[in-house]
Amino acid sequence: MSELSVVIVGGLHADARKAAVERLLADVPGSVVLHHDLATAAAGTVVRTIRDATGLLGTGEAPLVNDCACCALREDLVPELLRIRDAGGTRMAVVELWDSVEPKAMAEVVTAGGLTVTGVITAVDPALVLPYLGNGDDLAERGLAAAATDQRTVADTFARQLEYAPVLAVADSVEADDEDRELLAQLHPTARRVPIGHGDPAGAPADDLTVPAPRRRPLTPLAQAALAGFDVESAAAAQHPACALLPAEADAHGVATLVWHRRRPFHPERLYEALEDITCAAARSRGRFWLADKPDVLLHWDAAGGALCVESAGPWLASLPDAAWDMVPPVRRAAASLDWHPEHGDCCQHLVFTSPGLDRDGLERLLESCLLTDAEYAAGRDAWKRLPPAFDTLLEV
(Lines give C-alpha, C1' and ligand atoms only; values in the text may rest on other atoms or scores of the structure.)
Protein backbone atom coordinates (compact mmCIF):
# COMPACT_ATOMS: atom_id res chain seq x y z
CA MET A 1 0.00 0.00 0.00
CA SER A 2 1.50 3.32 -1.08
CA GLU A 3 1.90 6.10 1.45
CA LEU A 4 -0.43 9.07 1.07
CA SER A 5 0.71 12.53 2.07
CA VAL A 6 -2.10 14.60 3.56
CA VAL A 7 -1.72 18.38 3.41
CA ILE A 8 -4.17 20.66 5.20
CA VAL A 9 -4.78 24.09 3.70
CA GLY A 10 -7.05 26.50 5.55
CA GLY A 11 -7.80 30.13 6.21
CA LEU A 12 -10.63 32.65 6.20
CA HIS A 13 -9.03 34.44 3.23
CA ALA A 14 -10.83 32.32 0.65
CA ASP A 15 -9.18 33.72 -2.49
CA ALA A 16 -5.69 33.19 -1.06
CA ARG A 17 -6.64 29.69 0.10
CA LYS A 18 -7.96 28.70 -3.31
CA ALA A 19 -4.83 30.09 -4.99
CA ALA A 20 -2.63 28.01 -2.69
CA VAL A 21 -4.64 24.87 -3.42
CA GLU A 22 -4.45 25.41 -7.19
CA ARG A 23 -0.71 25.98 -6.89
CA LEU A 24 -0.27 22.65 -5.09
CA LEU A 25 -2.39 20.80 -7.65
CA ALA A 26 -0.23 22.21 -10.44
CA ASP A 27 3.05 21.61 -8.61
CA VAL A 28 2.59 18.01 -7.45
CA PRO A 29 1.50 15.43 -10.03
CA GLY A 30 -0.77 12.74 -8.67
CA SER A 31 -2.49 15.03 -6.17
CA VAL A 32 -6.16 15.57 -5.41
CA VAL A 33 -8.14 18.11 -3.41
CA LEU A 34 -10.80 17.06 -0.92
CA HIS A 35 -13.19 19.80 0.21
CA HIS A 36 -16.26 19.79 2.44
CA ASP A 37 -18.61 22.74 1.87
CA LEU A 38 -20.21 23.62 5.20
CA ALA A 39 -22.33 26.34 3.60
CA THR A 40 -24.90 23.66 2.75
CA ALA A 41 -25.42 22.78 6.42
CA ALA A 42 -28.76 24.61 6.55
CA ALA A 43 -30.11 21.89 4.26
CA GLY A 44 -28.94 19.21 6.70
CA THR A 45 -25.87 17.96 4.85
CA VAL A 46 -22.26 18.81 4.07
CA VAL A 47 -21.28 18.51 0.41
CA ARG A 48 -17.98 16.77 -0.36
CA THR A 49 -16.06 17.25 -3.59
CA ILE A 50 -12.87 15.58 -4.82
CA ARG A 51 -10.95 16.89 -7.80
CA ASP A 52 -7.55 16.85 -9.42
CA ALA A 53 -5.79 19.19 -11.82
CA THR A 54 -8.08 18.12 -14.67
CA GLY A 55 -11.39 18.69 -12.90
CA LEU A 56 -14.04 17.12 -10.69
CA LEU A 57 -13.58 13.45 -9.81
CA GLY A 58 -16.57 12.91 -7.55
CA THR A 59 -19.08 14.38 -5.13
CA GLY A 60 -20.99 13.17 -2.11
CA GLU A 61 -22.94 14.26 0.93
CA ALA A 62 -22.38 13.74 4.64
CA PRO A 63 -25.33 14.22 7.03
CA LEU A 64 -24.97 16.59 9.96
CA VAL A 65 -23.91 15.04 13.27
CA ASN A 66 -25.78 16.49 16.26
CA ASP A 67 -26.78 19.47 14.10
CA CYS A 68 -23.07 20.25 13.65
CA ALA A 69 -21.53 20.67 10.21
CA CYS A 70 -17.98 20.56 11.57
CA CYS A 71 -18.79 17.26 13.32
CA ALA A 72 -20.00 15.87 9.98
CA LEU A 73 -16.68 16.91 8.46
CA ARG A 74 -14.79 15.10 11.21
CA GLU A 75 -16.80 11.91 10.68
CA ASP A 76 -16.46 11.93 6.89
CA LEU A 77 -12.90 13.14 6.38
CA VAL A 78 -10.82 10.15 7.49
CA PRO A 79 -12.90 7.47 5.69
CA GLU A 80 -12.62 9.42 2.45
CA LEU A 81 -8.87 9.86 2.84
CA LEU A 82 -8.46 6.15 3.60
CA ARG A 83 -10.48 5.31 0.48
CA ILE A 84 -8.22 7.56 -1.61
CA ARG A 85 -5.12 5.97 -0.09
CA ASP A 86 -6.35 2.40 -0.59
CA ALA A 87 -7.31 3.04 -4.21
CA GLY A 88 -3.68 3.90 -4.94
CA GLY A 89 -2.30 6.25 -7.57
CA THR A 90 -2.55 9.38 -5.44
CA ARG A 91 0.63 10.93 -4.12
CA MET A 92 -0.85 13.79 -2.13
CA ALA A 93 -4.31 14.64 -0.81
CA VAL A 94 -4.88 18.32 -0.16
CA VAL A 95 -7.62 18.89 2.41
CA GLU A 96 -8.99 22.34 1.64
CA LEU A 97 -10.79 23.44 4.78
CA TRP A 98 -13.96 25.48 4.63
CA ASP A 99 -13.57 29.12 5.68
CA SER A 100 -13.92 28.99 9.47
CA VAL A 101 -12.69 25.43 10.10
CA GLU A 102 -9.52 25.51 12.19
CA PRO A 103 -6.55 23.37 11.10
CA LYS A 104 -5.61 22.12 14.58
CA ALA A 105 -8.70 19.97 15.04
CA MET A 106 -8.49 18.55 11.52
CA ALA A 107 -4.77 17.76 11.72
CA GLU A 108 -5.39 15.85 14.95
CA VAL A 109 -8.37 13.97 13.46
CA VAL A 110 -6.39 12.92 10.38
CA THR A 111 -3.38 11.80 12.44
CA ALA A 112 -5.58 9.87 14.88
CA GLY A 113 -7.05 8.11 11.84
CA GLY A 114 -3.67 6.57 11.02
CA LEU A 115 -2.80 8.88 8.13
CA THR A 116 0.29 11.01 7.68
CA VAL A 117 -0.06 14.79 7.73
CA THR A 118 3.01 16.17 5.98
CA GLY A 119 2.03 19.84 6.03
CA VAL A 120 -0.38 22.38 7.49
CA ILE A 121 -0.69 25.64 5.58
CA THR A 122 -2.75 28.75 6.25
CA ALA A 123 -3.27 30.98 3.24
CA VAL A 124 -3.16 34.70 3.92
CA ASP A 125 -3.72 37.96 2.08
CA PRO A 126 -1.46 40.45 3.94
CA ALA A 127 -3.84 43.34 3.19
CA LEU A 128 -6.62 41.54 5.09
CA VAL A 129 -4.69 40.61 8.23
CA LEU A 130 -5.52 43.74 10.23
CA PRO A 131 -9.18 43.95 9.08
CA TYR A 132 -9.76 40.34 10.10
CA LEU A 133 -7.90 40.67 13.41
CA GLY A 134 -10.04 43.68 14.19
CA ASN A 135 -13.34 42.02 13.27
CA GLY A 136 -15.20 41.16 16.45
CA ASP A 137 -18.32 39.90 14.62
CA ASP A 138 -19.59 36.47 15.57
CA LEU A 139 -19.06 33.90 12.83
CA ALA A 140 -22.82 33.29 12.85
CA GLU A 141 -23.42 36.93 11.85
CA ARG A 142 -21.21 36.40 8.79
CA GLY A 143 -22.72 33.04 7.82
CA LEU A 144 -19.51 31.26 8.82
CA ALA A 145 -20.57 29.32 11.92
CA ALA A 146 -19.79 25.59 11.85
CA ALA A 147 -22.57 24.69 14.26
CA ALA A 148 -25.62 26.23 15.88
CA THR A 149 -23.64 26.54 19.10
CA ASP A 150 -20.57 28.11 17.45
CA GLN A 151 -19.76 31.26 19.44
CA ARG A 152 -16.40 32.08 17.88
CA THR A 153 -15.65 35.46 16.33
CA VAL A 154 -13.98 36.24 13.03
CA ALA A 155 -10.95 37.69 14.83
CA ASP A 156 -10.19 34.85 17.23
CA THR A 157 -10.79 32.21 14.55
CA PHE A 158 -8.44 33.95 12.13
CA ALA A 159 -5.79 34.35 14.84
CA ARG A 160 -5.79 30.63 15.62
CA GLN A 161 -5.70 29.68 11.94
CA LEU A 162 -2.74 31.97 11.44
CA GLU A 163 -0.71 31.00 14.50
CA TYR A 164 -1.14 27.22 14.36
CA ALA A 165 0.23 26.64 10.87
CA PRO A 166 4.03 26.42 10.50
CA VAL A 167 3.65 27.52 6.87
CA LEU A 168 1.87 30.62 5.58
CA ALA A 169 1.02 30.79 1.89
CA VAL A 170 1.13 34.54 1.29
CA ALA A 171 -0.89 35.98 -1.58
CA ASP A 172 0.69 38.59 -3.83
CA SER A 173 -1.72 41.38 -2.89
CA VAL A 174 -1.38 44.75 -4.63
CA GLU A 175 -3.24 46.37 -1.72
CA ALA A 176 -0.70 45.18 0.87
CA ASP A 177 1.98 47.59 2.07
CA ASP A 178 5.06 47.25 4.27
CA GLU A 179 3.00 47.69 7.44
CA ASP A 180 0.70 44.80 6.44
CA ARG A 181 3.61 42.50 5.72
CA GLU A 182 5.39 43.51 8.93
CA LEU A 183 2.26 42.82 10.98
CA LEU A 184 2.06 39.34 9.51
CA ALA A 185 5.75 38.74 10.22
CA GLN A 186 5.48 39.86 13.85
CA LEU A 187 2.31 37.90 14.56
CA HIS A 188 3.95 34.62 13.53
CA PRO A 189 7.71 35.17 13.27
CA THR A 190 8.60 31.46 13.23
CA ALA A 191 6.36 30.62 10.27
CA ARG A 192 7.78 29.82 6.88
CA ARG A 193 6.20 32.38 4.54
CA VAL A 194 5.86 31.17 0.96
CA PRO A 195 4.64 33.63 -1.68
CA ILE A 196 1.88 32.56 -4.04
CA GLY A 197 0.15 34.30 -6.91
CA HIS A 198 2.56 34.56 -9.81
CA GLY A 199 2.95 30.84 -10.51
CA ASP A 200 6.02 29.19 -11.94
CA PRO A 201 7.60 29.44 -15.38
CA ALA A 202 5.82 27.44 -18.07
CA GLY A 203 7.01 23.91 -18.49
CA ALA A 204 6.75 20.50 -16.89
CA PRO A 205 5.11 20.19 -13.46
CA ALA A 206 7.52 19.95 -10.58
CA ASP A 207 9.02 16.50 -10.14
CA ASP A 208 6.88 15.05 -12.99
CA LEU A 209 8.02 11.45 -13.34
CA THR A 210 6.86 11.33 -16.98
CA VAL A 211 9.55 13.85 -17.89
CA PRO A 212 13.13 12.63 -18.42
CA ALA A 213 15.20 13.11 -15.26
CA PRO A 214 17.52 15.85 -16.61
CA ARG A 215 14.47 18.02 -17.45
CA ARG A 216 12.57 17.64 -14.16
CA ARG A 217 12.23 20.78 -12.14
CA PRO A 218 12.70 20.62 -8.39
CA LEU A 219 9.69 20.93 -6.13
CA THR A 220 8.51 24.49 -5.72
CA PRO A 221 8.80 26.13 -2.26
CA LEU A 222 5.09 25.61 -1.55
CA ALA A 223 5.23 21.95 -2.52
CA GLN A 224 8.38 21.48 -0.45
CA ALA A 225 6.64 23.01 2.55
CA ALA A 226 3.57 20.83 2.00
CA LEU A 227 5.65 17.65 2.04
CA ALA A 228 8.22 18.64 4.68
CA GLY A 229 6.53 16.86 7.60
CA PHE A 230 4.33 17.88 10.50
CA ASP A 231 4.09 16.84 14.17
CA VAL A 232 0.68 17.37 15.80
CA GLU A 233 2.06 17.05 19.34
CA SER A 234 4.72 19.69 18.79
CA ALA A 235 2.18 21.97 17.12
CA ALA A 236 -0.20 21.64 20.08
CA ALA A 237 2.60 22.36 22.54
CA ALA A 238 3.54 25.48 20.59
CA GLN A 239 0.02 26.81 21.25
CA HIS A 240 -0.29 25.84 24.92
CA PRO A 241 -0.03 28.96 27.11
CA ALA A 242 2.55 27.32 29.41
CA CYS A 243 5.08 26.76 26.63
CA ALA A 244 3.79 28.68 23.61
CA LEU A 245 6.27 30.04 21.11
CA LEU A 246 5.22 33.65 21.56
CA PRO A 247 6.52 36.50 19.37
CA ALA A 248 9.62 38.42 20.44
CA GLU A 249 10.13 42.17 20.84
CA ALA A 250 10.00 44.00 17.53
CA ASP A 251 9.43 47.47 16.09
CA ALA A 252 9.45 48.15 12.36
CA HIS A 253 7.32 49.77 9.63
CA GLY A 254 4.90 51.21 12.19
CA VAL A 255 4.20 47.83 13.83
CA ALA A 256 5.47 46.92 17.29
CA THR A 257 5.44 43.88 19.55
CA LEU A 258 5.73 44.39 23.29
CA VAL A 259 6.78 41.44 25.44
CA TRP A 260 5.77 42.14 29.03
CA HIS A 261 7.26 39.81 31.64
CA ARG A 262 6.92 40.30 35.40
CA ARG A 263 7.20 38.12 38.52
CA ARG A 264 4.64 39.87 40.71
CA PRO A 265 0.98 38.77 40.53
CA PHE A 266 -1.90 40.96 39.38
CA HIS A 267 -4.39 42.46 41.81
CA PRO A 268 -7.64 40.86 40.55
CA GLU A 269 -9.88 43.94 40.90
CA ARG A 270 -7.45 46.42 39.34
CA LEU A 271 -6.76 44.13 36.42
CA TYR A 272 -10.45 43.44 35.88
CA GLU A 273 -11.22 47.16 35.78
CA ALA A 274 -8.48 47.70 33.20
CA LEU A 275 -9.39 44.76 30.94
CA GLU A 276 -11.13 46.79 28.25
CA ASP A 277 -8.28 49.28 27.89
CA ILE A 278 -5.65 46.52 27.84
CA THR A 279 -7.58 44.38 25.37
CA CYS A 280 -8.17 47.27 22.97
CA ALA A 281 -4.57 48.49 23.15
CA ALA A 282 -3.37 45.98 20.53
CA ALA A 283 -4.71 44.17 17.51
CA ARG A 284 -3.55 40.89 19.03
CA SER A 285 -2.40 39.88 22.49
CA ARG A 286 -1.84 36.51 24.13
CA GLY A 287 0.14 34.72 26.79
CA ARG A 288 -0.16 33.58 30.38
CA PHE A 289 -0.80 35.50 33.57
CA TRP A 290 -0.95 35.18 37.34
CA LEU A 291 -3.69 36.44 39.68
CA ALA A 292 -2.93 37.02 43.36
CA ASP A 293 -6.20 35.48 44.57
CA LYS A 294 -5.56 32.33 42.48
CA PRO A 295 -1.80 31.95 42.89
CA ASP A 296 -1.73 28.27 41.90
CA VAL A 297 -3.65 28.66 38.61
CA LEU A 298 -2.00 29.34 35.24
CA LEU A 299 -4.36 31.61 33.32
CA HIS A 300 -4.49 31.94 29.54
CA TRP A 301 -4.87 35.39 27.93
CA ASP A 302 -6.17 35.37 24.33
CA ALA A 303 -7.42 38.63 22.77
CA ALA A 304 -8.28 39.71 19.23
CA GLY A 305 -10.90 41.95 17.69
CA GLY A 306 -11.38 43.85 20.94
CA ALA A 307 -12.59 40.70 22.72
CA LEU A 308 -10.75 38.79 25.42
CA CYS A 309 -10.95 35.12 26.34
CA VAL A 310 -9.58 34.15 29.76
CA GLU A 311 -9.29 30.47 30.67
CA SER A 312 -7.64 28.32 33.28
CA ALA A 313 -4.85 26.22 31.80
CA GLY A 314 -4.37 24.13 34.92
CA PRO A 315 -1.81 24.54 37.70
CA TRP A 316 1.57 26.21 37.54
CA LEU A 317 4.30 23.60 37.83
CA ALA A 318 5.49 25.31 41.01
CA SER A 319 2.22 24.35 42.70
CA LEU A 320 2.53 20.64 41.85
CA PRO A 321 4.14 18.07 44.14
CA ASP A 322 7.40 16.65 42.84
CA ALA A 323 5.76 13.27 42.19
CA ALA A 324 3.37 14.85 39.69
CA TRP A 325 6.13 16.24 37.49
CA ASP A 326 6.61 12.91 35.74
CA MET A 327 3.09 13.30 34.32
CA VAL A 328 3.91 16.69 32.79
CA PRO A 329 5.05 16.69 29.13
CA PRO A 330 8.82 17.18 28.77
CA VAL A 331 8.35 20.27 26.59
CA ARG A 332 6.51 22.01 29.40
CA ARG A 333 9.11 21.07 31.98
CA ALA A 334 11.80 22.39 29.66
CA ALA A 335 9.96 25.67 29.11
CA ALA A 336 9.48 26.13 32.86
CA SER A 337 13.14 25.43 33.59
CA LEU A 338 14.22 28.21 31.24
CA ASP A 339 12.14 30.70 33.19
CA TRP A 340 12.31 29.37 36.75
CA HIS A 341 12.35 31.79 39.68
CA PRO A 342 13.82 30.67 43.01
CA GLU A 343 10.77 31.90 44.95
CA HIS A 344 7.85 31.67 42.51
CA GLY A 345 8.97 28.91 40.14
CA ASP A 346 7.23 29.30 36.79
CA CYS A 347 4.50 31.66 38.11
CA CYS A 348 4.73 34.91 36.16
CA GLN A 349 3.17 37.40 33.80
CA HIS A 350 4.17 36.76 30.19
CA LEU A 351 1.96 38.73 27.83
CA VAL A 352 2.71 39.73 24.24
CA PHE A 353 0.99 42.60 22.41
CA THR A 354 1.31 43.17 18.65
CA SER A 355 -0.23 46.05 16.73
CA PRO A 356 0.35 48.93 14.36
CA GLY A 357 0.69 52.17 16.30
CA LEU A 358 1.18 50.40 19.61
CA ASP A 359 1.51 52.79 22.59
CA ARG A 360 4.17 50.76 24.35
CA ASP A 361 4.83 53.20 27.19
CA GLY A 362 1.16 53.75 27.96
CA LEU A 363 0.41 50.03 27.86
CA GLU A 364 3.32 49.23 30.16
CA ARG A 365 2.17 51.85 32.66
CA LEU A 366 -1.34 50.44 32.63
CA LEU A 367 -0.14 46.89 33.15
CA GLU A 368 2.22 47.91 35.94
CA SER A 369 -0.63 49.67 37.75
CA CYS A 370 -2.50 46.37 37.92
CA LEU A 371 0.25 44.51 39.80
CA LEU A 372 0.26 44.14 43.56
CA THR A 373 1.81 47.11 45.35
CA ASP A 374 4.85 46.58 47.56
CA ALA A 375 2.65 46.45 50.66
CA GLU A 376 0.15 44.02 49.08
CA TYR A 377 2.96 41.81 47.84
CA ALA A 378 4.66 41.74 51.25
CA ALA A 379 1.42 40.58 52.90
CA GLY A 380 1.98 37.10 51.43
CA ARG A 381 -0.10 34.42 49.76
CA ASP A 382 -2.63 33.94 52.54
CA ALA A 383 -3.57 37.60 52.26
CA TRP A 384 -3.58 37.46 48.45
CA LYS A 385 -6.16 34.67 48.47
CA ARG A 386 -8.55 36.90 50.44
CA LEU A 387 -8.59 39.58 47.73
CA PRO A 388 -11.93 40.01 45.91
CA PRO A 389 -12.35 37.24 43.28
CA ALA A 390 -13.09 39.60 40.40
CA PHE A 391 -12.42 37.01 37.68
CA ASP A 392 -14.76 34.29 38.93
CA THR A 393 -17.48 35.31 36.47
CA LEU A 394 -15.11 35.19 33.50
CA LEU A 395 -13.73 31.86 34.64
CA GLU A 396 -17.20 30.52 35.52
CA VAL A 397 -15.97 29.48 38.97
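Author: Gln 161 is buried, with a relative accessible area of 0%, where buried means under 20%. The model is a predicted one. Gln 161 has its place in helix α5, which covers residues 154-164. A polar atom of the side chain of Gln 161 lies 2.9 Å from the backbone oxygen of Asp 99. Asp 99 is also in the list of residues in contact with Gln 161 once neighbours within four places in sequence are left aside. That list has Gly 11 and Leu 12, then Asp 99, Ser 100, Val 101, Glu 102 and Pro 103, and finally Thr 122.

α5 supplies at least two residues of the lining of the largest pocket, and so does each of the strands β11 (284-289), β12 (297-304) and β13 (307-315). The volume of this pocket is about 440 Å³. Its lining is made up of 18 residues, and those nearest the centre are Lys 104, Arg 160, Gln 239, His 300 and Asp 302. By class, the lining of the largest pocket has eight charged, six nonpolar and four polar residues.

The second largest pocket has a volume of about 300 Å³. Its lining, too, is made up of 18 residues. Nearest the centre of the second largest pocket lie Ala 242, Cys 243, Ala 244, Ala 335 and Ala 336. Helices α8 (232-237) and α10 (330-338) each supply at least two residues of this lining. α10 gives the most, with five residues. The lining of the second largest pocket divides into 12 nonpolar, four charged and two polar residues.

A search of the whole structure finds one cavity of 30 Å³ or more. The volume of the largest cavity is about 40 Å³. The residues that line the largest cavity are Glu 163, Leu 187, Pro 247, Arg 284, Ser 285, Arg 286, Val 352 and Thr 354. Strand β11, which also supplies residues to the lining of the largest pocket, gives the largest share of the cavity lining, three residues. β14 (349-356) likewise supplies at least two residues of the lining of the largest cavity. By class, this lining has three nonpolar, three charged and two polar residues.

The last topic is the aromatic rings. In the whole structure, 10 aromatic pairs are found. One of them is formed by Phe 289 and Phe 391, whose ring centres are 6.1 Å apart and whose planes are at 55 degrees, so the pair is tilted. Planes over 60 degrees apart would count as edge-to-face, and those under 30 as stacked. Phe 289 is buried, with a relative accessible area of 0%. Phe 391 is buried as well, and its relative accessible area is 0%. Both rings belong to one aromatic cluster, together with Trp 260, Phe 266, Tyr 272 and Trp 301.

Conventions
Residues numbered from 1 in each chain as written. Predicted model: local features only at pLDDT ≥ 70, side-chain atom pairs only at ≥ 80, totals over all residues. Heavy atoms only, no water. Helix = DSSP H or I, 4+ residues; strand = E, 2+ residues; numbered from the N terminus. Buried < 20%, exposed > 50% of the residue type's maximum accessible area, 1.4 Å probe, protein only. Polar contact = N/O pair within 3.5 Å; in protein donor to acceptor, adjacent residues only side chain to side chain. Contact = heavy atoms within 4.5 Å. 1 Å grid on protein atoms, 1.4 Å probe; cavity = no way out; pocket = protein on both sides within 12 Å on 5 of 7 lines; lining within 4 Å. Points joined across faces, edges and corners; volume = space filled by probe spheres on them. Nonpolar A, V, L, I, M, F, W, Y, C, P; charged D, E, K, R; others polar. Phe/Tyr/Trp six-rings, centres within 6.5 Å; stacked < 30°, edge-to-face > 60°.
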